[in-house]
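Have the model open while you read.

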Amino acid sequence: MALELINPDDLPVPEMYTQVVVATGSRLVFISGQQPEDIHGKLVGHGDFAAQARLAFANLGRALRAAGARPGHVCKITIYIVDYSRDEHVPIIEEAQISLFGDHKPANVVVGVAIMSPGYLIEVDAIAVIDEVVTR
């Protein structure tokens, strides 16, 4: 396995991510920020944070597959949220994250931002590490 997930004894054990991820694979995959857009680049779920979160994570999964990576290869994600409110947004993010990652818990950070493109509420990027050689 290219990733070693560590939650040190002297740090809290988070529910949705891992405190430390050690990547030992030979191939790095950097996924650009995935937004809640359909295949034509049109915003989906205007004003609906949950719908946008689900689509952003689904698009992240599509981008990973295109690189020959799986969700379990992801070592770090960054989640950008307009007007971030932990109590309001975390349960929705957790549901969307679980739909892609299942039990896998990459390191993550949530960044509150003032604004994105009009109507956009969330964006998610990722770094993955894999050992396999992929031929396309």
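Helices (H or I, at least four residues) and strands (E, at least two) are DSSP runs, numbered from the N terminus. This is a predicted model, where local features need pLDDT of at least 70, side-chain atom pairs count only at pLDDT 80 or more, and totals for chains, interfaces and linings use all residues. Residues are numbered from 1 along each chain as its sequence is written, and side-chain values use heavy atoms, with hydrogens and water left out.

**Helix H2**
- Gly102 comes after H2 and has a positive phi, near 60°.
- Buried residues (under 20% relative accessible area; exposed is over 50%, partly exposed in between; 1.4 Å probe, protein chains only) of H2 (residues 86-101) are His89, Ile93, Ala96, Gln97, Leu100 and Phe101.
- They sit on the same side of H2 because they cover an arc of only 115° around the axis, taken from the directions from the helix axis to the C-beta atoms.
- Asp87, Glu95 and Ser99 are exposed on the face turned away from that buried side.

**Helix H1**
- Among the buried residues of H1 are Phe49, Phe57, Leu60 and Leu64.

- Leu60 touches (contact means heavy atoms within 4.5 Å) several residues, including Ile31, Ile77, Leu100 and Val124, leaving aside residues up to four places away in sequence.
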